[in-house]
Amino acid sequence: MRTGSISRETKETKIKINLNLDGKGICQIETGIPFFDHMLESFGRHGRFDLTIRSEGDLNVGPHHTVEDIAIVLGSTLREAIGEGRGIRRFAHAIIPMDEARVMVTTDISGRPYCVFSGVFSGPIEGVLEPYLIEHFFTTLASSARITLHLEGSGRSDHHLCEAFFKACGITLHEATRITDPNGSIPSTKGIL
């Protein structure tokens with residue numbers, strides 16, 4: 001089983017994440033931010049990951065620390081579950097519509113952290129998350145997981161656009177981490193990711 005389990009506690013947050021790459025999309029998410037719970041469940045369900053996230057944070061000062069620290073721990077957990085990356089596909093892309101919104105996400109399990117984000121929101125999403133936090137989540141996730149992510153999208157509904165980003169990211173990570181080489185070689189000319 002390709003799994004990861006990471007806990008992190010700071011003066012601002014206390015987070016525990018369990019991830020099974022070869023799961024069935026069973027998610028139990030408790031961040032204290034219902035809209036963010038919904039986004040993370042969309043990510044896990046469409047990525048077909050079994051994902052448990054338990055978070056306590058200083059939400060009285062805002063969602064920033066919680067969103068950022070969950071991205072750090074989720075990325076670290078993903079990296080732990082992937083391990084050396086033997087036999088994985090490595091690259092994946094998805095174009096996902098959600099009503100009027102459409103996003104494209106490309107992923108490389110490269111060992112090189114990089115994120116390009118292009119999406120415009122009209123204001124705080126569902127009145128809860130400032131638009132910069134969505135880009136910050138994916139940038140932090142890519143950095144912590146040591147992967148490359150390109151995310152681009154447009155839409156009139158901020159909710160639909162945001163949810164499509166999370167769904168597409170889950171789908172591409174599912175595809176990129178899927179075992180496609182039964183010999184278990186590392187998909188890199190360097191011999192290491």
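**Exercise 1. Describe the packing of α1 against α4: which hand has the crossing, and which residues meet?**

Step 1. Hand. α1 and α4 cross in a right-handed sense. Right-handed means that the near helix is turned clockwise from the far one, left-handed that it is turned anticlockwise, by less than a right angle. Helices here are DSSP runs of H or I with at least four residues, strands are runs of E with at least two, and both are numbered from the N terminus.

Step 2. Source. This is a predicted model, in which local features need pLDDT of at least 70 and side-chain atom pairs count only at pLDDT 80 or more, while totals for chains, interfaces and linings use all residues. Residues are numbered from 1 along each chain as its sequence is written, and side-chain values use heavy atoms, without hydrogens and water.

Step 3. Geometry. The axes of α1 and α4 (residues 158-177) are 7 Å apart, at an angle of about 35°. Axes are lines fitted to C-alpha atoms, for helices over the stretch in contact; angles run from 0 to 180 degrees between N-to-C directions.

Step 4. Residues. α1 contributes Phe35, Phe36, His38, Met39, Leu40, Ser42, Phe43, His46 and Gly47. Among their counterparts in α4 are Cys162, Phe166, Ile171 and Leu173. Contact means heavy atoms within 4.5 Å.

Step 5. Classes. The α1 contact with α4 holds 10 nonpolar, 7 polar and 2 charged residues. Ala, Val, Leu, Ile, Met, Phe, Trp, Tyr, Cys and Pro count as nonpolar; Asp, Glu, Lys and Arg count as charged; the others, Gly among them, count as polar.

**Exercise 2. At what angle do the axes of α2 and α3 cross, and what is the make-up of their contact?**

Step 1. α2 (residues 64-82) and α3 (residues 131-145) cross at roughly 30°, and their axes come within 7 Å. α2 is therefore roughly parallel to α3. The classes are roughly parallel under 35 degrees, roughly antiparallel over 145, roughly perpendicular from 65 to 115, and oblique for the rest.

Step 2. The crossing of α2 and α3 is right-handed. Contact residues of α2 include Val67, Ile70, Leu74 and Leu78; those of α3 include Leu133, Phe137 and Leu141.

Step 3. The α2 contact with α3 divides into 11 nonpolar, 6 polar and 2 charged residues.

**Exercise 3. What is the strand order of the open sheet that holds β1, and which strands stand at its edges?**

Step 1. The order is β1-β2-β4-β3, with mixed pairing. Strands pair if DSSP finds at least two bridges between them.

Step 2. β1 (3-9) and β3 (27-30) are the edges; each has a single partner strand, so one side of each lacks a neighbour in the sheet. The twist averages 5° from one strand to the next.

Step 3. β1 and β2 (residues 13-20) are antiparallel over 7 bridges. They form a hairpin with 3 residues between them. Ile17 in β2 stands opposite Ile6. Ile17 also stands opposite Ile53 in β4.

Step 4. α1 (residues 34-47) lies across β3 and β4 (50-57), at about 160° to β3.

**Exercise 4. Which helices pack on the sheet of β5, β6, β8 and β7?**

Step 1. This open sheet has the order β5-β6-β8-β7. β7 runs parallel to β8 (residues 148-154), joined by 5 bridges.

Step 2. α3 lies across β7 and β8, at about 160° to β7. α4 touches β5, β6, β7 and β8, its direction making about 150° with that of β5.
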